[in-house]
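Subject: Structure handover

Hello,

Here is the structure for you to take over. Please open it alongside this note, which goes through what was found.

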Amino acid sequence: MPFLDRLQRWADERPDGTAVVVAGERLSWAELRDAAAALVPAAPPVTVLAESNSTNFVSAFAAAVAGSRRCAVLDPSWPQQLRDALTAQIAATAAAGGSEPGNDLADGDPDTPFLIGLTSGTTAVPKAFSRSRRSWRLSFDSSVEFFGLRPGDKTLAPGPLAASLNLYALAECLYAGSEFHTLAQFDVGDAHTAVSHDGITRLVLVPTMLRLLSERGLAGGVDASGVRSIICAGSKLDARTLEAARRWAPNATIFEYYGAAELSFVAGAGLPPGAAPAPGGTGIGRPFPGVELRILDGDGALLPDGADGTVYVRSGMVSDGYLWGDDGEALRCVDGWYTVGDQGYLSEGVLHLLGRRSDMIITAGTNVYPHEVELALASVPGVAAVVAAGMADELRGQRVVAAVLPSHGGVTGTQLRAGVEDVLARNKRPLDYYLLAELPLTDRGKVSRPLLLEWITRGDPRLRRLG
């Protein structure tokens with residue numbers, strides 16, 4: 001496990017059927033099986049795979065997890081110094097030894113580790129965690145059921161296979177016997193060509209990619225009526241992206257979900273064609289098949305429905321923990337229930353996410369999560385992106401501030417205030433609004449609330465206060 005037995009099955013049952021297409025280069029099920037099998041004897045106990053998207057990547061990954069082997073996939077765009085540091089640490093892990101991996105393209109014991117995953121944190125060297133073959137097998141069964149993946153589907157994941165979202169989509173399709181497509185690198189034109197000419201029925205991507213494909217697809221008349229499902233990960237979709245996607249792919253169910261690299265899938269929901277989304281809502285959906293949820297307070301006590309606390313998960317899909325970088329806080333366990341520290345609450349079985357406790361704003365005794373403010377403002381017309389944070393305030397302790405990146409046509413402070421009146425309680429509404437020329441981003445490309453506060457404090461020209 002997790003997918004090599006299935007690969008052998010599809011190669012036997014339909015050897016000439018298409019398994020994988022990368023930038024127009026096709027591998028049949030039999031070709032993929034044979035290419036991977038030829039690589040297995042030379043594959044080491046632990047492989048470090050740092051390649052751009054290609055059919056060779058697919059074959060090498062399959063070979064790298066055969067028998068009792070383990071594989072670590074590194075982003076080839078990372079700085080060489082970072083890749084060297086990670087490779088050295090992975091080599092030290094490999095030196096710990098293990099059983100003879102064997103020379104056959106076959107799944108190893110379900111309870112053995114096969115993947116060394118890397119978090120996308122902000123530290124110089126990402127944390128590394130381990131996943132068992134059984135955890136991914138259970139994840140496949142859960143996601144195939146939840147997303148309704150069928151053997152006849154053609155999935156396009158246009159991002160890098162080094163990213164966990166796309167690597168999982170590849171493996172999931174190999175498991176389900178479903179055709180997988182990707183590009184050499186993300187390109188809007190190439191993705192549109194795949195959608196309109198290759199019969200793509202399913203998209204797996206991040207919100208920024210979905211917005212680009214949808215808006216430019218509408219402008220260019222690219223037909224996406226054959227797409228029946230869109231699976232978006234990374235952050236909750238803003239109103240503009242969701243509206244564009246609904247218009248461009250009118251027959252698609254749009255899935256959003258909450259998960260974490262260490263936890264796998266947790267909860268999600270699909271918005272069917274024609275259904276109206278809840279404006280500014282924090283609800284992410286119901287638990288995936290095989291997942292149980294509970295909300296605990298700081299002392300580990302169970303909280304009732306509707307009460308804010310830490311989200312804990314119990315499922316067979318949780319990772320085996322960290323190989324390095326564990327500070328005891330990133331992944332915690334209480335009596336078999338796991339958390340990565342995200343805050344939220346349950347209401348009638350639906351999980352509502354509020355963000356990380358470390359981001360919480362305490363203003364005049366009220367707890368406010370920036371995430372809920374950002375979701376509310378993201379639904380206001382004229383808003384492309386939002387960042388909310390807590391500024392120091394002598395009277396309140398902290399005051400809620402929000403900065404927006406405008407979309408075409410722009411937005412005013414009056415429109416922003418009116419847009420959240422029916423969504424946010426009065427004591428959670430921003431007191432100050434700013435207009436951004438660009439988002440405050442870290443060196444790794446993540447939105448930074450501390451950087452926003454720094455810009456505000458020093459009067460940075462990249463933002464302007466709205467009246």
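Strand E4 (residues 70-73) and strand E5 (residues 113-118) run parallel and are joined by two bridges. Two strands pair if DSSP finds at least two bridges between them.

The model is predicted: local features need pLDDT of at least 70, side-chain atom pairs count only at pLDDT 80 or more, and totals for chains, interfaces and linings use all residues. Residues are numbered from 1 along each chain as its sequence is written, and side-chain values use heavy atoms, with hydrogens and water left out. Helices (H or I, at least four residues) and strands (E, at least two) are DSSP runs, numbered from the N terminus.

Back to E4. Arg 70 and Ala 72 point one way, Cys 71 and Val 73 the other, and all are buried. Buried means under 20% relative accessible area, exposed over 50%, and partly exposed in between (1.4 Å probe, protein chains only). In a regular strand the side chains alternate between the two faces of the sheet.

Next, helix H12 (residues 449-458). Its buried residues are Leu 451, Leu 452, Leu 453, Trp 455 and Ile 456. They pack against strands E23 (383-393), E24 (397-406), E25 (432-436) and E26 (463-466). Contact here means heavy atoms within 4.5 Å. Ser 448 caps the N-terminal end of H12, with a side-chain oxygen 3.1 Å from the backbone nitrogen of Leu 451. Gly 459 follows H12 and has a positive phi, near 65 degrees.

Glu 256 sits in strand E11 (residues 253-260). Glu 256 is buried, at 15% relative accessibility. Its side chain reaches the backbone nitrogen of Leu 237 at 2.5 Å. A polar contact is a pair of N or O atoms within 3.5 Å; within protein, one must be able to donate a hydrogen and the other to accept it, and residues adjacent in sequence count only if both atoms are side-chain atoms.

Now the salt bridges. Each is a side-chain nitrogen of Lys or Arg within 4 Å of a carboxyl oxygen of Asp or Glu. The count comes to 20.

- Glu 13 and Arg 9: the closest N and O atoms are 3.2 Å apart. Both residues lie in helix H1 (residues 4-13), four residues apart, about one turn of the helix. Glu 13 is exposed at 52%, and Arg 9 is partly exposed at 39%.
- Asp 153 and Arg 150: the closest N and O atoms are 3.9 Å apart. Asp 153 is buried at 1%, while Arg 150 is partly exposed at 46%.
- Glu 438 and Arg 462: the closest N and O atoms are 3.7 Å apart. This pair links distant parts of the chain, 24 residues apart: Glu 438 is in the loop between E25 and H12, Arg 462 in the loop between H12 and E26.
- The network: salt bridges link Asp 393, Arg 396, Arg 399, Asp 432 and Arg 465.

Best wishes
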